[in-house]
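Open the structure in your viewer and keep the selection tool at hand. Each stop below tells you what to pick and what is there.

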Amino acid sequence: MALANIANKTHWFGVFLLLVSSILLLIVTISAPVWNHVGLLHVTLPATSGLKHTSVNLGTFGYCIVDIAPNDNDYCTHHHIGYAPAALLAQLDHASISTIASGTSDSLTRVMVLHPIETGLSFIAFLLAIGHGIIGSLAGAIIAFITWILVLISLAIDFSLFGILHHHVNNDGSGSRARFGAAIWCLVAAFLTLSFGMIIVFFTCCANHREKKRVAKSEREVEPVQEAPKRKKKFGVF
């Protein structure tokens, strides 16, 4: 029973990690233009551009130009799948981005539609695992594994996409500075919490199943053996 108690407590920690990964993935999904100041890539424009202290947050479904002088207003695009971050940066600070890099970055933004899908799947895995049943936990672990694969793909795509822009902005001599935004680090954190949550839920599910089988087997072994009924004597002698 001690093993079962440890598995139960560890299981709830795994469920908590699945919930945390869902929240982190939600933050990635609602990055700019939904959440103005949270993006996957943050670009600070130089004072010589005429947009002093202005910065650009590139997000999942668009971008925001924040703190626009003189009133420090924000401008955000509408939400849509796919946009042209390279053309935007070239227009704002005259960044020199090659045609190939520009086309690649524009195409990869369409793949970021995976972010809301990952958020939904991670939350479904959390709901299934929270039931603590063997079937629900196993199904939650399987869905978490599918989500894990999608998040891994998103990580590769996002770092490729924004890595291209990060390199060009910081090395083109325009004076702009680019850094990876909070949303992309939330994606990294979601990948880690999802990994540990998935593993914990799966192995605690297996441990609980094994413990239940062991307890059931022990109960069968200790059942008292029923004695054979005695033969009644006939005529008081036999």
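Start with a term. A patch here is made of residues with over 30% relative accessible area and no salt bridge, and nonpolar side chains are joined within 5 Å. Keep in mind that this is a predicted model.

**Stop one: the nonpolar patch.** Select L138, I142, F145, I146, I149, I153, I199, F202 and F203. Together they make a nonpolar surface patch of about 780 Å². Which elements give two or more residues to the patch? They are α5 and α6, the latter spanning 182–221. Helix α5 supplies the largest share, with 6 residues. Now click I199: this residue sits in helix α6.

**Stop two: a helix pair.** Two packed helices are described by the angle between their axes and the distance between the axes. Is the crossing left-handed or right-handed? The crossing of α4 and α5 is left-handed. Their contact has 14 nonpolar, 7 polar and 2 charged residues.

**Stop three: a cis peptide bond.** Select A32 and P33. The peptide bond from A32 to P33 is cis, with omega near 15°. P33 lies in the loop between α1 (2–29) and β1 (41–44).

**Stop four: a positive phi.** Finish at D67, in strand β3, residues 63–68. D67 is not a glycine, yet has a positive phi of about 60°.

Technical notes:
Residues are numbered from 1 along each chain as its sequence is written. This is a predicted model: local features need pLDDT of at least 70, side-chain atom pairs count only at pLDDT 80 or more; totals for chains, interfaces and linings use all residues. Side-chain values use heavy atoms; hydrogens and water are left out. A crossing is left-handed if the near helix is turned anticlockwise from the far one by less than a right angle, and right-handed if clockwise. Helices (H or I, at least four residues) and strands (E, at least two) are DSSP runs, numbered from the N terminus. Ala, Val, Leu, Ile, Met, Phe, Trp, Tyr, Cys and Pro count as nonpolar, Asp, Glu, Lys and Arg as charged, and the others, Gly among them, as polar. Patches are made of residues with over 30% relative accessible area and no salt bridge: like charges are joined within 9 Å, nonpolar side chains (Val, Leu, Ile, Met, Phe, Trp, Tyr) within 5 Å. Accessible areas come from the Shrake-Rupley method with a 1.4 Å probe; for residues, only the protein chains shown count as cover. A salt bridge is a side-chain nitrogen of Lys or Arg within 4 Å of a carboxyl oxygen of Asp or Glu.
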